[in-house]
Amino acid sequence: MHVNRHFDSTAAYWDGVYSGADLQGTIYRDRQSAVLDYVDRAALSEGAHALEIGCGAGHLTVQLAERGLDVEAIDASPAMVAATAAQAQERGLHQHVSARVGDVHSLPCGACSFDLVVAVGVIPWLHSPHAAVAEMARVLRPGGQLILTADNRARLVSFSDPRAILALSPLKHAYDRFRNRRGVATSRLHSPRQIDRLLSAGSLRPLERRTVGFGPLSFLGRPLLDDERGVRLHGRLQELADHGAPLLRSTGWHYVVRAQKLTD
């Protein structure tokens with residue numbers, strides 16, 4: 001409930017963040033590019049059925065539809081659903097996009113309905129990621145593919161700031177519980193290994209994985225670099241990570257994975 005209210009009230013922010021020239025906008029665009037690269041590598045046929053969970057303002061939704069996919073877009077926030085529908089209408093893609101309110105923990109979809117499921121920026125906000133991934137697996141046809149992202153518990157920026165290190169400790173969980181009681185939406189971090197275990201429990205086999213996003217580096221909550229330098233550093237570290245540099249390849253902000261549902 002707190003999460004739904006949070007995204008309803010910040011819909012305009014999420015609509016504009018992808019176009020920002022700052023470090024956050026750059027990282028979000030790079031994350032989306034990584035997701036779309038995995039979509040392309042899935043090599044789906046035109047007219048394949050895709051489910052996007054947590055469609056937000058619809059920026060990824062229209063990219064999926066432009067690739068010839070028929071997209072069902074779901075979000076728990078009515079404001080986000082309205083924004084997605086408006087994006088599809090504006091781009092002339094409304095015949096290939098259906099947007100509605102839905103809960104990832106109990107998807108309003110039949111079993112084995114989709115060739116592709118995409119969930120970007122969803123896992124960190126869920127009270128039960130295990131149940132959500134099980135639902136994603138349920139609605140995928142055998143051999144279908146899932147692309148999802150999680151906020152990486154082992155991200156590089158966690159080791160530059162004592163406050164970020166505290167976020168990895170048990171005290172962070174107690175603080176989150178307190179904030180939830182006060183009605184404040186909170187996101188959670190997961191290690192790539194945790195996410196891979198969730199996939200395995202849902203009979204999903206990872207095919208490819210990467211991490212995206214290096215920054216902002218801070219100390220005691222204060223940024224160490226301005227946005228311009230932060231963007232340049234992120235670009236350089238991301239290039240090294242994409243080429244498999246040890247340590248960097250696994251310490252980006254976002255964990256992005258493409259997995260396939262096992263056939264019987």
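In which loop is the place of Ser 203?

Modeller: This is a predicted model, in which local features need pLDDT of at least 70, side-chain atom pairs count only at pLDDT 80 or more, and totals for chains, interfaces and linings use all residues. Residues are numbered from 1 along each chain as its sequence is written, and side-chain values use heavy atoms, with hydrogens and water left out.

Ser 203 is placed in the loop between α9 (192-201) and β6 (204-212). Helices (H or I, at least four residues) and strands (E, at least two) are DSSP runs, numbered from the N terminus. Although Ser 203 is a residue other than glycine, its phi is positive, near 60°. Ser 203 counts as partly exposed because its relative accessibility is 38%; buried means under 20% relative accessible area, exposed over 50%, and partly exposed in between (1.4 Å probe, protein chains only).

The loop between β6 and β7 holds Pro 216, which a cis peptide bond joins to Gly 215, with omega about 0°. Leu 220 lies in the loop between β7 (218-219) and β8 (222-223), and is partly exposed because its relative accessibility is 45%.

Another residue with positive phi, about 75°, is Leu 247, which is not a glycine either. Leu 247 lies in the loop between α10 (227-242) and β9 (254-261). Leu 247 counts as exposed because its relative accessible area is 57%.
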